[in-house]
Amino acid sequence: MSKKRENHPQWSSWLLFVLAATGSAIGLGNIWKFPYIAGQNGGSAFVLVYLACVLGMGIPMLMAETLIGRRGRLNPIDCMEVVAEEAGANPHWRWLGGMGILLGFLILTYYSVIAGWTIAYIFKTAAGVFLGKGASEVGYLFAQFIASPWQLIFWHSIFMLATMAIVARGVQGGLEKAVELLTPALFILLLILVGYAMSAGDFQRGVRFLFYPDFGRFSGESLLMAMGHAFFSLSIGMGAMMIYGSYLPGNVSIAKTSLIIAVADTSVALLAGVAIFPLVFANHLEPATGPGLIFQTLPLAFAQMPLGSLFGALFFVLLAFAALSSSISLIEPAVAWLMEDFGLTRPVACLVSGFGCWLIGLGTVFSFNRWSHLTLFDKTFFDLLDFLTSNLMLPISGMLLVVFAGWVMQPEVNRAELSTSPCLFRLWWLLSRYVAPATVGLILLNGIGVL
Ligand code: PHE
């Protein structure tokens, strides 16, 4: 292990870690997924539960996962093994690292397809395809787009190639360069969009939909989705934060960095909601439209805005980059594992895992067209994969990770890694040992109908 560790890279500074981890957290989950699942689950109730999950479970788990990573300083499988051994526990905890690697890989297979849509929309908005069009025509253009497997395959391939090109360059050459500029730029453009929604959208109704508590359309499954989304959005439960934590220099406070990441991630999701729903209502669209929501509302908004084609294209560029800074963290655990355990070079490891993702991604492509009629439990291939990974596997693996940090690792080790005040440490300790695992367990059992 020590030989592997010698070659294990490190971020150049703590700020780059924060940018990379924030870049991982902020992505399609905040801007594409959060608004559409909030819309499908009645809005405000979903938002409230999501926020509670971020606070009570997400943040302690983010800290737990990062600290395991920094303690082990290896890819998730080996990292879990050495940290377990250090704590005198069973090395089979390594399987939990393996589950994380698998999960990141599976999520990337469909993430890349949707990210491909955002790239396609850069060109469509820039070319003025939506100018002068009404809501129904924009909706029709979207439906026509996803009905074409070849177009989706093309954009999915472009996105996978871009991800592989960055990851192949390594931590300092590729990952750091990519995140430095993009994360702040996205934030600014989102603020501009909120400004536009305030002036041109039905702002009051949008904000009411998001924040005025209404549990009417909230079900057991909504609860599961709100929790799953908190995990998905913070990139926890699948080794991304573990591998990024493993590149983190030793003297940085994990408590502090985790809080910054969680606040930035949550604000972007809320800003996206505040930008999108006023436009949804002003254009008499349905909030429960589903995965096409932002692709049907935002082009409309941009088409009516002065310099809309320019702002629209810029927005989709940044969204594609936000997706890219997440996708690199989805595949990095697998790449690090292939390199450290199988001796592959970085480019070859990227090629192998990237090709696998691309291939399975075709299932998602077809679930929007050729295979849209093939369903299991009323869900298409994409719906099923999304449900299994975000709503079931991420919470299970996140719960096991926090149990590992809270019950298996020694308190002194945790205290040293988190380096925070005794009071905050106590709070983390209570949340990680009791509150978070118990709540995840209850919500899971409730969601699958056992309770
Ligand atoms: N958090 C990312 C997003 O919101 C997705 C992601 C999930 C990235 C899990 C890494 C790990 O888009």
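How many helices and strands does the protein have? The protein has 19 helices and 0 strands; both are DSSP runs numbered from the N terminus, with helices (H or I) of at least four residues and strands (E) of at least two.

This is a predicted model, in which local features need pLDDT of at least 70, side-chain atom pairs count only at pLDDT 80 or more, and totals for chains, interfaces and linings use all residues. Residues are numbered from 1 along each chain as its sequence is written, and side-chain values use heavy atoms, with hydrogens and water left out.

A compact globule of 451 residues would have a radius of gyration near 22 Å, and the protein agrees with 21 Å. This radius is taken over C-alpha atoms, and the globule rule is 2.2 Å times the number of residues to the power 0.38.

The ligand is surrounded by 14 residues, and A25, G29, Y111, F232 and S235 are the closest; a residue counts as near if one of its heavy atoms lies within 4 Å. At least two residues of this shell come from each of α2 (14–25), α3 (28–40), α11 (220–233) and α15 (308–342).

| Side chain (N or O atom) | Ligand atom | Distance |
|---|---|---|
| N30 | oxygen | 3.3 Å |
| Y111 | oxygen | 2.5 Å |
| S235 | nitrogen | 3.0 Å |

The protein covers 100% of the 320 Å² of accessible area that the ligand has on its own, by the Shrake-Rupley method with a 1.4 Å probe.

Terms used: A polar contact is a pair of N or O atoms within 3.5 Å; within protein, one must be able to donate a hydrogen and the other to accept it, and residues adjacent in sequence count only if both atoms are side-chain atoms.
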